[in-house]
Amino acid sequence: MRRLLDVLREDLRLTGTKEGCGEGECGACSVIVDGEVINSCLVPVCQTQKAQILTVEGLAMDGRLNGLQQAFLECGGAQCGICTPGMLIAARALLEANAQPSRDEIKEAIAGNLCRCTGYVKIIDAIEQAATAPAQIL
Amino acid sequence: MRQTPTVQSPLTLNEIYAALAECAGDLKIIAGGTDLMVLANAHQLEASNFLDIWRVDELRGISDEGDALRIGALTTYTQLIRAPLIQQFIPALVAASRTIGAVQIQNRGTLGGNIVNASPAGDSLPVLAAYDAALEIGSQRGTRRVAFNEFYTGYRRTVLAADELVIAARVPKVKAGERDFFCKVGTRRAQAISKIVMSAKAQMNAASIASIQIGIGSVAPTVMRATQTEALLVGATLTPDLIEQARQMIANEVTPITDLRSTEHYRRSVTGNVLTKFLRQIIEGAEAR
């Protein structure tokens with residue numbers, strides 16, 4: 001039973017999605033499957049047949065960062081970068097469901113994504129900033 | 001050399017039953033994978049053949065059966081959190097689902113998976129215990145119903161036969177005027193495995209307790225009901241003295257161990273404190289009314 005994560009990284013060479021813990025704790029491998037954010041290290045690829053999958057590679061539009069990515073850049077929401085693809089994907093899933101989240105709702109949405117650099121404040125700032133211009137995100 | 005595991009992905013319940021009847025002992029059932037894939041990633045899962053039931057839609061969904069809700073085994077925590085029927089009639093199950101992992105896990109983990117994984121720390125299990133749920137268990141031989149509180153026979157052991165599958169939980173609705181409660185104590189709100197987890201329900205008759213059910217996890221080899229403490233409380237007038245007696249009794253009734261998450265002493269004390277919190281809420285709620 002191959003993991004979705006390995007098929008993305010090794011077969012499709014979509015290496016933006018990272019492997020952190022391999023046990024569903026850190027969220028580095030987050031991708032969106034049929035509209036729902038999941039940990040791709042815990043999903044066997046056989047369960048994703050015919051599913052629509054969004055990875056971090058799918059966020060940029062026409063080779064330009066989208067509004068969410070730009071907000072991470074401007075707010076200092078990315079440092080070492082290992083959590084960033086998962087954070088962006090968790091934030092994207094949140095903003096698709098809730099275009100104007102409160103800071104508490106943002107915290108809950110990224111509770112499954114660990115960051116050891118930023119202390120989270122700048123990540124939350126970035127998601128909050130991105131939400132002010134939803135047209136540039138989705 | 002290890003054989004490459006095979007995976008079957010049936011589309012119907014009958015196909016699941018047929019596969020289980022044919023090679024029951026050799027098949028590992030996988031639903032959302034949030035427990036099983038962790039073991040697989042850590043190479044703690046014996047090479048085995050998998051029965052992937054994720055696509056069997058007849059195992060999903062929540063239906064109103066009058067005095068109870070029937071919840072399909074493949075219903076995810078996210079679906080439980082969002083379901084108006086669960087919010088209205090089993091609020092403790094919404095509260096429990098919100099404490100399980102974080103959204104990535106809630107989108108994939110299933111109620112049936114939590115039940116059959118049989119961990120004493122499963123966070124939905126104290127709710128099923130307190131609500132006196134029943135489980136529907138199916139196989140090619142037919143369907144039977146087992147009381148949730150008789151499902152576990154020991155640490156990670158259940159009454160399930162090798163060819164059987166838990167297909168649904170039937171959970172009685174909270175009654176008018178009944179108080180329900182859920183509290184999980186872990187290292188943080190998200191992503192933590194419980195140190196102790198409790199769900200309870202109580203019906204008051206003026207100042208006395210007409211009925212009370214207390215389910216607790218992470219304090220015994222299986223999820224448990226605090227039957228001694230329940231017996232102390234039923235029919236008694238709810239006073240600060242009684243709460244103190246109940247706090248001491250339940251701390252002695254549970255049988256926790258010391259492990260990497262917590263100590264036996266801490267778990268006994270906190271179990272008493274969490275029950276105190278519920279009983280005080282009942283008094284304060286009555287005064288506010």
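Modeller: One term is needed before the strands: two strands pair if DSSP finds at least two bridges between them. Please keep in mind that this is a predicted model. In chain A, strand β1 (residues 30-33) is joined to β2(A) by four bridges, and the two run antiparallel.

Biologist: Which residue of β2(A) stands opposite Val31(A)?

Modeller: That residue is Ile38(A).

Biologist: And what is the strand order of the open sheet in chain A?

Modeller: The order is β2-β1-β3, three strands with antiparallel pairing. Because β2 (36-39) and β3 (53-54) of chain A each have a single partner strand, they stand at the edges, and one side of each lacks a neighbour in the sheet.

Biologist: Which helix lies across these strands?

Modeller: Helix α3 (residues 84-97) of chain A lies across β1, β2 and β3 of chain A, at about 35° to β1(A). The same helix holds a salt bridge between the side chains of Arg92(A) and Glu96(A), with 2.6 Å from N to O.

Biologist: Why are those two separated by about one helical turn?

Modeller: Because Arg92(A) and Glu96(A) are four residues apart in helix α3 of chain A. Arg92(A) counts as buried, at 12% relative accessibility, and Glu96(A) is partly exposed, at 38%.

Biologist: What about backbone angles in the loops of chain A?

Modeller: Lys50(A) has a positive phi of about 65° although it is not a glycine. Lys50(A) sits in the loop between β2 and β3 of chain A.

Biologist: Is Lys50(A) buried or exposed?

Modeller: Lys50(A) counts as exposed, because its relative accessibility is 82% and the cut-off for exposed is over 50%. Tyr120(A) is also a residue other than glycine with a positive phi, near 75°. Tyr120(A) belongs to the loop between α4 (103-109) and α5 (121-131) of chain A, and with a relative accessible area of 22% it is partly exposed.

Biologist: Changing topic, how many residues of each chain are in contact across the A and B interface?

Modeller: 27 residues of chain A are in contact with 26 residues of chain B. The area buried between the chains is about 2,100 Å², and carbon and sulfur atoms give 50% of that. Met1(A), Leu42(A) and Gln47(A) supply 33% of the area that chain A buries against chain B, more than any other three residues.

Biologist: How many salt bridges cross that interface?

Modeller: The rule finds two. One of them is formed by Glu36(A) and Arg82(B), whose closest N and O atoms are 3.9 Å apart.

Biologist: Now chain B. What is the strand order in its open sheet of five strands?

Modeller: The order is β4-β5-β10-β6-β7, with antiparallel pairing. The edge strands are β4 (62-64) and β7 of chain B, each pairing on one side only. On average, neighbouring strands of this sheet are turned by 25° against each other, direction ignored. Helix α1 (residues 13-23) of chain B packs on the sheet and touches β6 and β10 (165-172) of chain B; its direction makes about 125° with that of β10(B).

Biologist: How do β6(B) and β7(B) connect?

Modeller: They form a hairpin with two residues between them. Six bridges join β6 (residues 134-139) to β7 (residues 142-147) of chain B, and the strands run antiparallel. Glu136(B) has Arg145(B) in β7(B) as its bridge partner.

Biologist: With which arginine does the side chain of Glu136(B) meet in a salt bridge?

Modeller: With Arg70(B), at 2.9 Å from N to O. This pair links distant parts of the chain, since Glu136(B) is in strand β6 and Arg70(B) is in strand β5 of chain B, 66 residues apart. Glu136(B) counts as buried, at 14% relative accessibility.

Biologist: Finally, which residues have the most contacts inside the largest nonpolar core?

Modeller: Ile86(B), Ile90(B), Ile115(B) and Phe148(B), in a core of 46 residues. Leaving aside neighbours within four places in sequence, Phe148(B) is in contact with residues including Ile115(B), Leu125(B) and Val223(B).

Note on methods. Residues are numbered from 1 along each chain as its sequence is written. Chains are lettered from A and ligands numbered from 1 in the order in which they are written. This is a predicted model: local features need pLDDT of at least 70, side-chain atom pairs count only at pLDDT 80 or more; totals for chains, interfaces and linings use all residues. Side-chain values use heavy atoms; hydrogens and water are left out. A nonpolar core is a set of buried Ala, Val, Leu, Ile, Met, Phe, Trp, Tyr and Cys residues joined through side-chain atoms within 4.5 Å. Buried means under 20% relative accessible area, exposed over 50%, partly exposed in between (1.4 Å probe, protein chains only). Contact means heavy atoms within 4.5 Å. Axes are lines fitted to C-alpha atoms, for helices over the stretch in contact, and angles run from 0 to 180 degrees between N-to-C directions. Buried area is the accessible area (1.4 Å probe) that two parts lose on being put together, summed over both. A salt bridge is a side-chain nitrogen of Lys or Arg within 4 Å of a carboxyl oxygen of Asp or Glu.
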